[in-house]
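Student: Please take me through this model. I would like to ask about one topic at a time.

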Amino acid sequence: MKPKAWSWLVFLLGFAYFALPLIGTLEFSLRKRRGEYSLDAYVWVFEDTQFRETFGYSVVMALLTIVFGMLLVVPTAYWVRLRYPRLRPVVEFITLLPLVIPPIVIVFGYIRLYNTSSFLPMTGTTFGTNLLLMFGYVTLSLPYMYRAVDTGLRTIDVRTLTEAAQSLGAGWVTIIGRIILPNVLIAVMSGAFVTFAIVIGEFVLAALLNRPAFGPYMQLIGANRAYEPAALAVIAFTITWFCIGLMQVASRMTPQSRAKRS
Amino acid sequence: MTAPPHTPARKPVLPLGWLGLFPFALFALLFLILPTMNIVTGAFQTADGTPTLQNIANLFQPSILSAYWISIRISFATALLGCLIGFGIAAAVTLGNLPGWLRGPVMTFSGVASNFAGVPLSFAFIATLGRVGLVTVLLREWFGLNLYSLGFNLLSFWGLTLVYLFFQIPLMVLIVTPALDGLRREWREASDILGATGGQYWRMVALPILTPTLLGTFALLFANSFGAVATAYALTGSSLSIVPIVLFAQIRGDVLQDPHLGYALAFGMIVVTGIANGLYVWLRAKTERWTV
């Protein structure tokens, strides 16, 4: 059948709407030198020590978030599948809550609950605040992480693998670390890339907890410079594109995971 | 969804099985549930802890009400337009006989763009539709059309709506494409055989089936844009008073007349997004009967 005219029209209009801002940003980021295109804005950004510090901070945060999220989610999802299948809807509901409660409300709660005069004064020290921010990011990534891991677990026979390992004398740490984790690793990766994309540009949590992350840095540059923000947007978009691309590759490699997702 | 088969084989002997869920429960309690409860209870307390409804009553002052009103209007507009346009694109890709290879890139791009909210998104639109942005300049030079003298402003209701659509439309595409795939070919053929026109098929068969998905996604998009802070903040600073921006300023301490008003503002946000998401879950459950 031939393509219908209306579908091309809709598609091209959509294409224009999504392509123009990207082209516009790229063009704008090259305009710093008067009269010709140059990479000056990028040079300025990469030479800015604050860029390197905040970007490095956010990368470390993202990696820690992924590691901690994995340590939290993989054993939980495994345990729920193995022992408490009836609790699955409850756990799933909890992991979806961060999509319902706006992040700004969650971080407001952190600030009120963990201030210096509370039972757990995390915001009192730099280390504590960093830890709180990391926990906040783990919370924001829960919906994606849990979903990814649970999808991965669905494709393997958790019970048989566990019993086989136990009959060979494996303990729980061995089972989770050397049997379950390698089996769901690809699924975990797909959750990890989304997490990375979210954490790297996150603004609200970092700004309100006063941490020197990449999101607040971008906002600061946006308020004070002309062409550099566009360069930062190009960089951020490239990172997002890269992460989501990797995520899609990872989820395509997960066997049978497409079967029941929609 | 299949539960793992319950084999009668012996279960691992471990009397303290609930310990396996303890870390997750503790984490969710400390970093999700207690902080939210703290806000909710705070909304109904005075500074020294006595119960009150005064904070909620204080929400009904003109400046706060107008913040909620503009937030709700923006969320409504972006959700509605996001649904319509997203539906159009998804329909073009699934039902419009476009070349098959287009579909993969459209879905991948939707995945990227729906995650591309926040500060960089606002930069992209300033670079495109700001006063010296690419489109603004080109329209002026090629067609002599000055957007800004025509009353367009990126830092306005419609400006913000236009920006939000950049992540709203792709989210709709991601959700509705599987639903459109779920429309069985037989339904179309059956209605064709019975002499229905294309319009009748859509009006009497396809749309009634899709309605819960569409309404549900509408609710999700509504909540999605209602809670967004970073995009608007980077775009407008504090000049456009939508609820998340007012709350952000409250927490930052820019506006310090009444700390408990912050709790009430946040509580109001939970109520609005909670209702929107509740609708989503409920309508979603109603559609699953059809698509499974």
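This is a predicted model: local features need pLDDT of at least 70, side-chain atom pairs count only at pLDDT 80 or more; totals for chains, interfaces and linings use all residues.

Student: How many helices does chain A have?

Tutor: Chain A has zero strands. Read along the sequence, its pattern is α-α-α-α-α-α-α-α-α-α-α. The C-alpha trace spans about 75 × 70 × 30 Å along its principal axes. The helix count of chain A is 11.

Student: And how many helices are in chain B?

Tutor: Chain B also lacks strands, with a count of zero. From the N terminus on, its elements run α-α-α-α-α-α-α-α-α-α-α-α. Its C-alpha trace spans about 80 × 70 × 30 Å along the principal axes. The number of helices in chain B is 12.

Student: What is the radius of gyration of chain B?

Tutor: Chain B has 292 residues. A compact globule of that length would come near 19 Å. Of the residues of chain B, 41% count as buried. Its radius of gyration is 24 Å.

Student: What share of chain A is buried?

Tutor: Chain A has 262 residues. Among its contacts between residues at least 6 apart in sequence, 76% join residues at least 24 apart. The buried share of chain A is 49%.

Student: Which helix gives the most to the side of chain A that touches chain B?

Tutor: At this interface, 72 residues of chain A are in contact with 62 residues of chain B. One helix of chain A, residues 5-29, gives 14 residues to its side. That helix is H1.

Student: Which residues of chain A does UniProt list for "transmembrane region"?

Tutor: The listing comes from an unreviewed entry. In the model, residues 55-78 of chain A are 100% helix, with end C-alpha atoms 34 Å apart. Residues 131-149 of chain A are also 100% helix, with ends 24 Å apart. The UniProt listing is residues 55-78, 90-111, 131-149, 184-209 and 229-251.

Student: How far apart are the end C-alpha atoms of residues 55-248 of chain A?

Tutor: UniProt lists this span for "domain: ABC transmembrane type-1", in an unreviewed entry. The span is 81% helix and 0% strand. Its end C-alpha atoms are separated by 24 Å.

Student: Which residues have the most contacts inside the largest nonpolar core?

Tutor: That core has 163 residues. One of the two residues touches Val73(A), Val74(A), Ala77(A), Val184(A), Ala187(A), Val188(A) and Gly191(A), leaving out residues up to four places away in sequence. The other is in helix H8 of chain A. The two are Val149(A) and Phe193(A).

Student: Is Phe193(A) buried or exposed?

Tutor: Beyond four places in sequence, Phe193(A) contacts Cys243(A), Ile244(A), Leu246(A), Met247(A) and Ala250(A). Its C-alpha atom is 9.2 Å from that of Ala250(A), 57 residues away in sequence. Because 23 other C-beta atoms lie within 10 Å, Phe193(A) is buried.

Student: Why does Ser190(A) count as buried?

Tutor: Ser190(A) is in helix H8 (residues 172-201) of chain A. Beyond four places in sequence, its contacts are Ala148(A), Met247(A), Ala250(A) and Ser251(A). The cut-off for buried is 20 or more other C-beta atoms within 10 Å. Ser190(A) counts as buried because its C-beta neighbours inside 10 Å number 27.

Student: Is Leu194(B) buried or exposed?

Tutor: Leu194(B) lies in the loop between helix H8 (185-193) and helix H9 (198-226) of chain B. Leu194(B) has 9, so it is exposed.

How values were computed. Residues are numbered from 1 along each chain as its sequence is written. Chains are lettered from A and ligands numbered from 1 in the order in which they are written. Helices (H or I, at least four residues) and strands (E, at least two) are DSSP runs, numbered from the N terminus. A residue is buried if 20 or more other C-beta atoms lie within 10 Å of its own, exposed if 12 or fewer, and partly exposed in between; C-beta atoms are placed from the backbone. Two residues are in contact if their C-beta atoms, placed from the backbone, lie within 7 Å. UniProt positions are given in the numbering used here, feature names are shortened, and annotations may be inferred rather than shown by experiment. A nonpolar core is a set of buried Ala, Val, Leu, Ile, Met, Phe, Trp, Tyr and Cys residues joined through C-beta atoms within 7 Å. The radius of gyration is taken over C-alpha atoms; the globule rule is 2.2 Å times the number of residues to the power 0.38.
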